[in-house]
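Here is a short briefing on one protein model. Keep the 3D view open as you read.

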Amino acid sequence: MHADNWANKAKSMGYRSRAVFKLDEILNKIGSKNKYQNVLDIGSSPGGWSQYIKKKYNKAKVYAIDILDMEPIDGVNFYQENIEDIDNIIDIKRLKGAFNLVISDIAPNLSGISAVDNENVFELNQLTINIAKDYLISDGFLIMKTFQNNKLKDLRKEMELFFKIVQTYKPAASKKQSGEIYLFGVK
Ligand SMILES: C[S@@+](CC[C@H](N)C(=O)[O-])C[C@H]1O[C@@H](n2cnc3c(N)ncnc32)[C@H](O)[C@@H]1O
């Protein structure tokens, strides 16, 4: 399906972003019947993924963080913070080790200089892996966006240090030319 069609479909379903279809595809592949009690959404704005999780798993407690603001979503606890400062968010910190699922669609502002962009993506992804390692329960899941670049191999290796299963997904709803790709891990 063309990117515009995914966007129209998202709009007609009341979702704030077409990124929900990428998450839907990955969760279906990994077995979405899981009961997710606590979910951490990293880089959540404008809120499509948080909306999706709340709709699909209505009992889940969703905690969402972004440096940008996010319009409220019923049942989603939002914190406007840099993920570097996640440990300062008391409500989230008290759940360290109790999250079943961490989802990260985080992406830095792109400069257009690939060496700089690749490094920024890598650093944000490293931070995300460390947060997931600390905040997930044993056997918890991480779904993280990254990009196909010269740092991807190193990133996978780093993830493999803390996650017993690591897999790569390129959802159909992800534009082919975007270079984005998703890593899935089981802690
Ligand atoms: C692609 S958007 C996420 C879209 C979201 N999954 C959805 O479905 O609506 C990526 C987000 O990452 C956020 N972001 C980038 N760097 C961040 C950081 N250091 N801390 C928190 N959020 C960050 C951006 O502000 C942006 O809103």
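The largest nonpolar core has 49 residues, and L23 and V102 have the most contacts inside it. Helix α5 (residues 114-135) gives the most to this core, with 7 residues. This is a predicted model: local features need pLDDT of at least 70, side-chain atom pairs count only at pLDDT 80 or more, and totals for chains, interfaces and linings use all residues. Residues are numbered from 1 along each chain as its sequence is written.

**The core**
- A nonpolar core is a set of buried Ala, Val, Leu, Ile, Met, Phe, Trp, Tyr and Cys residues joined through C-beta atoms within 7 Å.
- Buried means that 20 or more other C-beta atoms lie within 10 Å of a residue's own, with C-beta atoms placed from the backbone.
- In soluble globular proteins, nonpolar side chains tend to be buried together.
- L23 is in contact with W49, Y52, I103 and I143, leaving aside its neighbours within four places in sequence. Contact means C-beta atoms, placed from the backbone, within 7 Å.

**The ligand shell**
- The ligand is surrounded by 21 residues. S17, G43, S45, G48 and D105 are the closest.
- The shell divides into 11 nonpolar, 7 polar and 3 charged residues.
- α3 (48-56) and β2 (61-66) each supply at least two shell residues.

**The strands**
- Strands β5 (residues 136-147) and β7 (residues 180-186) run antiparallel, joined by 7 bridges. T146 has I181 in β7 as its bridge partner.
- Strand β6 (residues 165-169) also pairs with β7 in the antiparallel sense, over 5 bridges. Here V166 has G185 in β7 as its bridge partner.

Note on methods: Near = placed C-beta within 6 Å. Helix = DSSP H or I, 4+ residues; strand = E, 2+ residues; numbered from the N terminus. Nonpolar A, V, L, I, M, F, W, Y, C, P; charged D, E, K, R; others polar. Pairing = 2+ DSSP bridges. Buried ≥ 20, exposed ≤ 12 C-beta atoms within 10 Å, placed from the backbone. Contact = placed C-beta atoms within 7 Å.
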